[in-house]
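Work through the exercises below with the sequence and the model side by side. Try each task before reading its solution.

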Amino acid sequence: MTIAVEFTHVSRHYGNIKAVDDVTISVAEGEFFSMLGPSGSGKTTCLRLIAGFEQPTSGSIKIFGFDATNAPPYEREVNTVFQDYALFPHMNVLDNVAYGLIVKGVAKNECISRAERALEQVALADYGKRKPGELSGGQRQRVALARALVNKPRVLLLDEPLGALDLKLREQMQQELKTLHKQLGITFIYVTHDQSEALSMSDRVAVFNNGRIEQVDSPRNLYMRPKTSFVADFVGTSNIISGDLAQQITGSNQSFSIRPEHISIDSEQENTMKVTGQVVDIQYHGANSKIEVKVGKQALSMVLSNTEHTEAQLPKIGQSLVLYWPQSHMVMLEN
Amino acid sequence: MQSVISNPALRLFSNTLYRKNNLFLFLLLTPPLLWFGVVYLGSLFALLWQSFYTFDDFSMAVTNDLTLANYRVLFDSTNLDIILRTLTMAVAVTVACACIGFPIAYYMTRYGSVREKGFFYIAVMLPMWASYIVKTYAWTVILSQEGILYFIFKNLGLTGALESLLQLPIIGGNTLATSQLGRFIVFTYIWLPFMILPIQAALERVPTNLLQASADLGARPAQTFRKILFPLVFPGVVAGSIFTFSLTLGDYIIPQLIGPSGLYIGTMVYTMQGSIGNMPLAAAFTVVPIILIFLYLALAKRAGAFNAL
């Protein structure tokens, strides 16, 4: 397995602010690798470190074995799709796409034909003569993608590329990116704050918090086996139970998380854990209903399927309710 | 809901203005349009009209017989000299202002911290708060043989170099203060802020990520400058150069105070309408800068100055 991008103890500080704090990761060639985290968690700074727009305060960065720690962006075999596309407003779409080839001194005819092919690839073949300002958000996004891909980068960096699109278009583009990744076989490094996007598209996800990596894992493991309470909370929804309540339920004060969908109101055999609380809120969400239950000082949430329960069968606000869950679905968290 | 305006007449008026947007615009725009149309354009057309009047050399009187003679006189070799001299200076000053102004504006925009930016703004604008005649007089002192420039050159042991520079034809002269070079320096100094500010405003509008995208796609800094930054800032350079170019073309103070004798368009107009009273020829001379600036704008448009707007 070839390593595409390798961070060794990389930090990026701005004065006292540690935007990236001692991050060590390696991304394999051909991998779809996502960097997930809330805004200000350091994921975008990491991407900019790979692209070369920032230099690390300490640590080293290798791209396919080449020490890129202090190399300028134009010496790296990576290309970026920017969050707001960063298309050149004074050039038409074709010139935008051909730009990377032109500045590298590729023959003019070849630049044009390769740019045209790249535009075909993103289904914008007839838009070459237009200016970026005349395109819709989704079209600009495709141009930005074509402009990066025409250079045949070994690593494609995507900085929240779908952030500005509406939901339908975003889902469609997610699908297209996934297909494109399979076709091209190159490494994708994808920055997003949308956990469902990261889970559905990636081979592996790195979860960032406060400039540090909390966990790097496959989407399934991140969801099923979160290591920290941050990951449990940020990836999907979790009930994180700690302190006295944990003591009361498990007999130990180690925190644990339990997903709302794993909590049940039936006392089946495998449901060995239980706790009693009071219903404080019921929200209707179409396919299911979300129930908020107050246990001691903490509120736990659970979901009940609306196909399996009629309205009359749902608990009522103020009612006392016993919650059950299997021990196997509890995830013990590092404190 | 209770209306804020209790007077019913006032309320009717205010609501009418709100509903009839055109009426509101009409009321808003009439005073400035009157000012612009009557006072500004009116006086300009009056001036142009006078350029067709006849000036009698013997009686020194102006009659309103229409003639093209004043425009013919513009092409006399002495007058053509004046026009060429002024035009050359205006082009040189514009190029120098752009070359000096761009790096300053670039630094202000890309590298300056908030404090530094404030400092630069004040440093650029401060000279504009002083009367420009005072500044020009100050320069006569700076450039004179007893002035600070000569003093610096002397202490650097470069007096010889300065002397041989002043020996050069066209730009040279007896002293810096009486040379075209000195005049050029003062012009450049006086009009520089008018170049820096539009360039700075244009640079400010170029998002940093365009430059990063260019580098990301493999462009070296020189390529990024040539293909991305400069084309996007070019309208700002043109805006600044329109100021420096037209201000130099029309100026009549600096050529009188600094540099060798020999008239400029501005000083020619000043002489014609003041001491000689030949208003028609003065008016014809003022048409020259107007035409030159139109030509300049046409050239700038062909060079694509307004494509990125």
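Predicted model: local features only at pLDDT ≥ 70, side-chain atom pairs only at ≥ 80, totals over all residues.

Residues are numbered from 1 along each chain as its sequence is written, and chains are lettered from A and ligands numbered from 1 in the order in which they are written.

**Exercise 1.** Describe chain A by its helices and strands, its box and its buried residues.

Solution. Begin with the helices (DSSP runs of H or I, at least four residues) and the strands (runs of E, at least two), both numbered from the N terminus: chain A holds nine helices and 17 strands. Next, taken along the principal axes, the C-alpha atoms of chain A fill a box of roughly 75 × 45 × 35 Å. Finally, call a residue buried if 20 or more other C-beta atoms, placed from the backbone, lie within 10 Å of its own, exposed if 12 or fewer do, and partly exposed in between; of the 335 residues in chain A, 39% are buried.

**Exercise 2.** Work out what chain B brings to its contact with chain A.

Solution. The contact takes 16 residues from chain B and 18 residues from chain A. On the side of chain B that touches chain A, helix H10 (208–216) and helix H11 (221–250) each supply at least two residues, and H10(B) gives the most, with six residues.

**Exercise 3.** Follow helix H2 of chain B and decide whether it is buried or in the open.

Solution. Helix H2 (residues 21–50) of chain B has 30 residues and reaches 41 Å from its first C-alpha to its last, close to the 44 Å expected at 1.5 Å a residue, where the expected span is 1.5 Å times one less than the number of residues. Of these 30 residues, the number buried is zero, so H2(B) lies largely in the open.

Note on methods: Contact = placed C-beta atoms within 7 Å.
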